[in-house]
Amino acid sequence: MRVFLLGLLLAATALAEHTSNWAVLVSTSRFWFNYRHLANVLSLYRTVKRLGIPDSQIILMLPDDMACNPRNAFPGTVYNNADRALDLYGDNIEVDYRGYEVTVENFIRLLTDRVGEDMPRSKRLLTDDRSNILVYMTGHGGNEFLKFQDAEEISAFDLADAFAQMWEKKRYHELLFMIDTCQANTMYSKFYSPNIIATGSSALDESSYSHHADNDVGVAVIDRYTYFNLDFLETQVKDQFSKLTLGDLFDSYDFDKIHSHPGFRYDLFPGEEQNARNKLVMDFFGNVQNVEVDTTWNETAWREDLVRLGRLVEKARKRNNATNPIDSDILSHKTPSHSPMLGTDRASEVRMEDGWTKQMIGAAALFGGLGLWGAASWIDG
Amino acid sequence: MIFRIFLSLLLLLPLACCSDYHEKLLLRPLPGNALLASFNFRSNATANSFDEQNFRYFPRSFGQILQHAHTKELHLRFSVGRWDAETWGARPWNGAREGGTGVELWAWVEAKSDEEANSRWLTLTNALSGLFCASLNFIDSTRTIRPMKTFEPEGLHPKSMLPNLQLLHGVLPHEVVCTENLTPFVKLLPCKGKAGISSLLDGHKLFDASWQVMSIDVRPICHGDDESNCILEIEQTVDMVLDRERSKRPRDNPIPRPLPMDQIECDVSKPYHAEDSCYPLEKSSEPAWDLAEIFGRHIKGDCPITGDDSMTVCVNTQPERIINVFTNPEDQDFGMKKIPEENLTCFEPPSNGTDFSLSFPEQNMTTPLPLASPRIHAFRSITGYGQERGGIQAIIQNPSSTEPLDVIYLESLPWYMKPYLHTLRSQLSPPSTIQPIKETYYRPALDRRRGTHLELKLHIPPGSSLTLTYDIEKAILRYTEYPPDANRGFDVAPAAIRVLPGPNDAVDEDTRRRGIYVRTTSLLLPLPTPDFSMPYNVIILTSTVMALGFGGIFNILVRRFVAADEVPENKLPLALTALVARFRGRIRQVITKAMGNREKTE
């Protein structure tokens, strides 16, 4: 009885919680002088990885190559601080979208999972209605838009609609949206789907500033808002058992340090500001491995499942064994001659030395025509 | 119980006998203080175990992709940099484990029709793009060709399979190669960079190299026509040329700074030699170097599953070169073997994760290390000027003074670079009456659908150099087709050149199957690019013209003009006078009325 009650209790708590964590980390700037935007996003990548989100659940978008850029004096390395204590690129990194792949279209397709059938799993956001997602974006933006690679823009409306579609498709449980760009707070102003907490680095008509530059790298290495976010995450959130809340994180923002007014949006979250601020930092930056246990659980159904699974395995094994001889059977009937479709979609041989022959044929045809004309006019005359 | 263990051992035996793993590292100091490090990892699986998805050393993630895409043989290359053949001599593996700058992929896909092959190729490139974190999904129909003569299957396929195999080839010359490509590459290895020679693979050094290639080759080896006898072999290689001087710089301070004067050997015979001026002398001795210093880490023991040949680290130097072995903890047992006729010294690193390294002191050598000379030299460049037309010039040299050279020259050009085939000219120097172009295979480009495929069979007499030229036209792209960095130019894939085996080539079966290849450098084609802020300017200008022009004309059309003296001076007094006049009129009316009444009464 006690066990049953405990199970019920666990199930009840699990129902309100998420069972997986995902992170979508997007830098939208190309070119070497935007080094800091890639460093921003890689810093977040290192942080969520440190707090337990595996590479398979992180979608990292890097529009340019900074680590192996010929201008980089530190090959294979990206730093977010002039002290160069931490190499963000490290030995183990998986970039899911890079270079020209980072476009508005691909980003929205990723969020809404409207992708082609050949899209590999590592490039998809395979979330469900029990997944908490951290969406972090950085780049150059303006009032209600964010530039992608200096070539196109995503607007606040596009982003709001993409999140709405995600909610309709049950693709997230709760979502934390962070953005570090100029006039960042305008980007989340159009959101209208529930369970989203949003924060940005700067208010309307306000710039977001870089923190400092490294003289040997030659450019600024990190932005202020991200720097102080990381400062909090590195110094306060030491491990995955941290009980610090988003309220603690948001309270650590300081205009004197960031030089712009960070904004927050709680009204979409159930329970609004109170509940949103009480969410744990680890709910978005860390990883959980909760399992939902079905309360109507009985012995016989479980055994039946096992038997059915065994049958499936058996069938698959049989099929596998059966296909091999059949395959080779089909193939053995084929004669090892030239394939019939050869030549339809291939380069064909050009005879360059035929030039003179072709000209002779042309001349002969011309003179033949002239002769016919002459003969006809002679008969006519 | 013992019986069961025995039984399971017995079951394992046939598996163990046919799937094995080999690794080898070859180090060769090159002139100019360079060092060639050539890593080779090879393992295999029987066709049966592969079909049943029993993966042992063959990487599962990769194997499943091959099965899903029905790929029977695959070659994948990630390359950066240029091999300096003039200084470094012949290429490792005769160029057979090289690709063009960026990413190059070619594979034999089993398919019954071209459409099926295309769709499987698409599946393959997409899956590989996910596995290797590279934009391989950009290999679409415009970058895919079906080479005729350049590539031949390296594996021994069952004869019944051959008619159904289709070769597809794609290149991405613009693709950058970086740590995110090395990470999955190392994960495919059985020891995963934790032990054995793969523990030396570090992105920070690999991507600092003057030239580097990562390659993956999968090929079946079937003896006879029986498919059950097949094994599937996967070979991974990493070749790199490191600058020894640059690699020794500390990682957090790699900016080159001049040495202190007392550490430089000066030429004192120079007239300006003084305390503060020095002409540095080139060192005649072989400089000292240390494996751990150059790679920034030690070899972490041997990979315990390595097969019979456990002499995994080989150094290609003169036999008299002094080699010091370092192990940590000290005095561990390691194997060593000298092969003087090949100038090789091989080592077997100690087991159990012991740190292992080699160091070479500074030494005066009497004989230089012989370097094999390359079979062929090739250069390619863009000629001409202007935004509309240009030309391509390729120079292929045969350095041999006795042997003629038969080569296949392959170009896969993007659709926006349109060659004129009738302008193709070949010229031999010294001049000769021989027609060097023997065969031509050509498939013209279609806008936005496919690229040009040009393949030539060439004959180059001994000691000659062949110059190929043709004209090209540059296409104008649509506004949205330009990449974000269009002004940088568009990368054109390198030409691949295969040297056909001559009658006097005495090479073993394996080398012959691999072939001899060389690739030119990639080209940067400048296309006419619009001023991308132009649409914005046009909008701004149009709006201004509309506002000024239309606004002005509209204003003129609807306004009524009156002469200046007709205009009352001020509106407020006007209204006031009108009011006064009205008031006065009213009064006058009242007065006249009153007068009239008076008249009546009077």
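Chain A and chain B bury about 4,700 Å² between them, and carbon and sulfur atoms give 52% of that area. Buried area is the accessible area (1.4 Å probe) that two parts lose on being put together, summed over both. This is a predicted model: local features need pLDDT of at least 70, side-chain atom pairs count only at pLDDT 80 or more, and totals for chains, interfaces and linings use all residues. Side-chain values use heavy atoms, without hydrogens and water.

Chain A puts 50 residues into the contact and chain B puts in 59 residues; contact means heavy atoms within 4.5 Å. The interface holds 6 salt bridges, each a side-chain nitrogen of Lys or Arg within 4 Å of a carboxyl oxygen of Asp or Glu. B:Arg297 forms a salt bridge with A:Asp91, with the closest N and O atoms 3.3 Å apart.

Now turn to chain A. Helix α3 (residues 104–112) packs on helix α4 (residues 156–168) at about 25 degrees, their axes 8 Å apart. Axes are lines fitted to C-alpha atoms, for helices over the stretch in contact, and angles run from 0 to 180 degrees between N-to-C directions. Helices are DSSP runs (H or I, at least four residues), numbered from the N terminus. α3(A) and α4(A) are therefore roughly parallel, a label for angles under 35 degrees. A:Phe107, A:Ile108, A:Leu111 and A:Thr112 of α3(A) make the contact, with residues of α4(A) including A:Leu159 and A:Phe163.

Definitions and conventions. Residues are numbered from 1 along each chain as its sequence is written. Chains are lettered from A and ligands numbered from 1 in the order in which they are written. Helices (H or I, at least four residues) and strands (E, at least two) are DSSP runs, numbered from the N terminus. Angles under 35 degrees count as roughly parallel, over 145 as roughly antiparallel, 65 to 115 as roughly perpendicular and the rest as oblique.
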